[in-house]
Amino acid sequence: MIPKPVLIDTDTGVDDALALIVALHSPELSVKAITTVAGNVEVQKCTRNVLLLLELLKVKDRPLVAQGATKPLRQKLVTAPEVHGKDGLGGISFKKSTTRKTSLTAVETILDACNTWGKKLTIVAIGPLTNLAQAWKKDSKSLRKVGRIVSMGGVFRVPGNTGPVAEFNYFVDPDAAHVLFNTGLPITVVPLDLTHQIVLMRREMEYRAKRRASRLTSTILRLTKFYMQYHKKIDGFYGAYVHDPIAVAVAIDPTLVQTQNMHVDVETEGQYTRGMTVADFRKTSRHGEQTVDVALTINRERFLKLFHERLWK
Ligand code: BDR
Ligand code: CA
């Protein structure tokens with residue numbers, strides 16, 4: 001099997017960290033670069049978190065790590081310390097990292113990756129889409145070479161997680177999502193409708209960590225505690241959603257989900273609806289509109305098998 005080249009664009013919070021672990025433990029993927037973007041926490045913290053994780057995982061073929069946007073295209077940055085902790089990784093202490101980031105920017109790294117791997121490249125975007133929108137504005141010809149972008153974000157027919165109608169990533173930078181959805185690039189959207197179909201319970205995490213005791217598994221357990229306590233307070237179950245690992249799983253195996261192709265846009269102005277994904281579920285196609293593939297259902301069993309196999313490796 002020839003591993004698929006991927007670039008992961010992340011606002012490294014707790015579920016991003018799980019997604020990175022899954023990706024770096026997956027033989028189907030070759031993670032060439034990790035770019036960071038302000039979102040869950042400030043971008044400097046995101047970069048630090050990526051470097052700490054690479055150190056923890058003792059990754060041999062280190063992907064490039066490039067720092068990206070410090071703030072959304074137009075809006076003021078909104079972060080989520082109440083969900084991911086002030087540092088983005090639930091406040092646990094890590095051994096200092098000796099890994100360094102590259103001096104290239106995230107935009108340069110994204111464009112280079114598109115030029116190097118072209119249609120073979122998948123970009124997994126698990127934070128606000130700021131870096132990708134900037135890459136598009138800088139050099140759309142190069143970005144057009146990408147094989148696929150899997151973007152975790154949006155919410156269509158279930159309640160939002162950042163206000164009633166919006167999902168966090170697109171709420172933080174609605175303008176960037178609006179730019180991307182009107183490019184005609186091959187995009188798979190992994191919205192809350194899908195990610196809320198799977199809940200990871202604390203008890204299962206404890207059981208699995210105990211069964212396979214190591215520095216990594218105990219770190220995973222500590223890393224997820226704050227995040228799971230947040231869901232206990234807000235959603236009433238001691239566990240968590242695994243939004244970003246699902247996007248990585250879709251990059252590994254697109255047949256895990258069923259998608260519907262449609263025109264989607266994002267509300268950038270609304271007084272009550274900032275970041276809302278407005279989708280055209282009507283069957284008749286409308287001439288000239290750009291469309292994306294929205295993932296709406298997932299094979300739970302197959303996803304969970306893949307997720308646990310890779311996470312606890
Ligand atoms: C998304 O928002 C962030 O808090 C998570 O990391 C995930 O990417 C879920 O709405
Ligand atoms: Ca994220």
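Predicted model: local features only at pLDDT ≥ 70, side-chain atom pairs only at ≥ 80, totals over all residues.

Colleague: Is L51 buried or exposed?

Modeller: Buried means under 20% relative accessible area, exposed over 50%, and partly exposed in between, with a 1.4 Å probe and protein chains only. L51 has 11% relative accessibility, so L51 counts as buried. L51 is found in helix 2; helices (H or I, at least four residues) and strands (E, at least two) are DSSP runs, numbered from the N terminus.

Colleague: What is the separation of the C-alpha atoms of L180 and K137?

Modeller: The separation is 10.0 Å, for two residues 43 apart along the chain. L180 belongs to helix 8 (residues 174-181) and is buried, at 1% relative accessibility.

Colleague: How far apart are the C-alpha atoms of L104 and V83?

Modeller: They are 30 Å apart, with 21 residues of separation along the chain. L104 sits in the loop between helix 3 (81-84) and helix 4, and its relative accessible area of 31% makes L104 partly exposed.

Colleague: Which backbone oxygen does the side chain of T109 reach?

Modeller: A polar contact is a pair of N or O atoms within 3.5 Å; within protein, one must be able to donate a hydrogen and the other to accept it, and residues adjacent in sequence count only if both atoms are side-chain atoms. Here the side chain of T109 reaches the backbone oxygen of T105 at 2.8 Å. T109 is part of helix 4 (residues 106-117) and is buried, with 3% relative accessibility.

Colleague: Which side chain is joined to that of D280 by a polar contact?

Modeller: It is the side chain of R282, at 2.8 Å. D280 lies in the loop between strand 11 (277-279) and strand 12 (292-298), and is buried, with a relative accessible area of 14%. The C-alpha atoms of D280 and T291 are 9.4 Å apart, the two residues being 11 apart along the chain.

Colleague: Which residues surround ligand 1?

Modeller: A residue is near a molecule if one of its heavy atoms lies within 4 Å of it. Among the residues surrounding ligand 1 are D15, D16, N40, H84, N161, E167, H243 and D244. The shell divides into 3 nonpolar, 5 polar and 4 charged residues, where Ala, Val, Leu, Ile, Met, Phe, Trp, Tyr, Cys and Pro count as nonpolar, Asp, Glu, Lys and Arg as charged, and the others, Gly among them, as polar. Helix 1 (14-24), helix 7 (168-172) and helix 12 (243-252) each supply at least two residues of the shell.

Colleague: How many residues of helix 12 are buried?

Modeller: Helix 12 is mostly covered, with 10 of its 10 residues buried; H243 and D244 are among them.

Colleague: At what distances do polar side-chain atoms of N161 and E167 lie from oxygen atoms of ligand 1?

Modeller: For N161 the distance is 2.8 Å, and for E167 it is 2.5 Å. An N or O atom in the side chain of D15 is 2.6 Å from an oxygen atom of ligand 1. Taken alone, ligand 1 exposes 280 Å², of which the protein buries 96%; accessible areas come from the Shrake-Rupley method with a 1.4 Å probe, and for residues only the protein chains shown count as cover.

Notes. Residues numbered from 1 in each chain as written. Chains lettered and ligands numbered in written order. Heavy atoms only, no water.
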